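Here is a short tour of a protein model, written for someone who likes to follow the contacts by eye. Please keep the viewer open as you read.

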Amino acid sequence: MRISLPLIACLLATVIPVFFGKLSVTPTWLSLQALALGWITLNKNEALDFHALEAGLEILIIRAWLVPHLLRRTLLSTREAELDVMPSNLFAWGAAVTLLILAFQFGNGARADVRALTLGVAAATVTIAFLVLATNREPVAQLVALLYMENALALFESLMPEPWPLPVHIAVSGVYVGTVVVGSWLIRSRHSSSLLAAQSREDGR
């Protein structure tokens with residue numbers, strides 16, 4: 001029960017914005033995902049060791065604060081921020097519900113088992129990310145989907161009998177930060193190019 005509650009919180013922070021959220025609020029939901037991941041990491045073992053403390057702090061600083069902050073700044077400069085994360089139509093919603101059910105079947109999440117529930121949440125997060133990639137062509141939405149996948153990877157680590165060594169954690173965190181930095185740069189460049197093109201058309205008139 002101690003681990004099941006943050007797992008459910010992580011799942012809700014993944015699913016709710018896809019069905020009901022705008023791209024502008026995804027940094028908040030990513031922060032909530034990271035807080036749930038930090039909760040899981042810090043409560044994985046009875047005794048809080050150095051590795052769990054280091055991993056928990058890494059999640060809270062980088063995933064819960066730094067990356068959402070960078071993404072929020074990028075969203076302020078693009079008009080696509082007020083678009084839906086996933087198109088609001090029955091086909092997309094039906095596909096999402098079906099894939100969530102299949103993900104939990106893959107993880108056998110119906111059983112009252114923490115490992116099965118963890119695998120179900122990780123599979124559901126990856127499935128939702130692929131669905132966003134397939135249904136929303138906006139660069140911001142695709143960047144968010146990639147960040148979802150990387151959070152699922154961090155969640156999957158909690159299933160491993162031995163945690164990843166510190167260099168691997170540093171590398172994974174570097175990829176996570178690098179994803180949002182490169183993605184933000186591409187989004188801002190695209191937005192600047194669009195503004196210059198619009199200005200050129202106006203000047204040509």
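A polar atom in the side chain of Asn-136 sits 3.0 Å from the backbone oxygen of Val-85. That side chain also reaches the backbone nitrogen of Glu-138, again at 3.0 Å. Both are polar contacts, meaning a pair of N or O atoms within 3.5 Å; within protein, one must be able to donate a hydrogen and the other to accept it, and residues adjacent in sequence count only if both atoms are side-chain atoms. Please bear in mind that this is a predicted model, where local features need pLDDT of at least 70 and side-chain atom pairs count only at pLDDT 80 or more, while totals for chains, interfaces and linings use all residues. Residues are numbered from 1 along each chain as its sequence is written, and side-chain values use heavy atoms, with hydrogens and water left out.

Asn-136 is found in the loop between helix 5 and helix 6. Helices here are DSSP runs (H or I, at least four residues), as are strands (E, at least two), numbered from the N terminus. Not counting residues up to four places away in sequence, Asn-136 touches Asp-84, Val-85, Met-86, Ala-141 and Gln-142, where contact means heavy atoms within 4.5 Å.

Met-86, one of those partners, belongs to the loop between helix 3 and helix 4. Beyond its neighbours within four places in sequence, Met-86 has contacts that include Val-18, Trp-93, Leu-131 and Asn-136.

| Pair | Separation along the chain | C-alpha distance |
|---|---|---|
| Met-86 and Val-18 | 68 residues | 5.7 Å |
| Asn-136 and Met-86 | 50 residues | 6.1 Å |
| Leu-117 and Leu-7 | 110 residues | 7.6 Å |

Are these residues buried or exposed? Met-86 counts as buried because its relative accessibility is 1%, and Asn-136 counts as buried at 8%. Leu-117, in helix 5, is buried too, with a relative accessible area of 16%. The scale is simple: buried is under 20% relative accessible area, exposed over 50%, and partly exposed in between (1.4 Å probe, protein chains only).

Thr-26 lies in helix 2 and, at 1% relative accessibility, counts as buried. A polar atom of the Thr-26 side chain is 2.6 Å from the backbone oxygen of Leu-23. Setting aside neighbours within four places in sequence, Thr-26 is in contact with Leu-71, Leu-75, Val-85 and Val-144.

Now for the wider picture. The protein has seven helices and zero strands, and buried residues make up 44% of its 205 residues. Of the contacts with a separation of 6 or more, 77% join residues 24 or more positions apart.

In soluble globular proteins, nonpolar side chains tend to be buried together. The largest nonpolar core in this model has 47 residues, and among the members that touch the most others are Val-18, Leu-71 and Tyr-148. Helix 6 gives the most to this core, with ten residues. Such a core is a set of buried Ala, Val, Leu, Ile, Met, Phe, Trp, Tyr and Cys residues joined through side-chain atoms within 4.5 Å.
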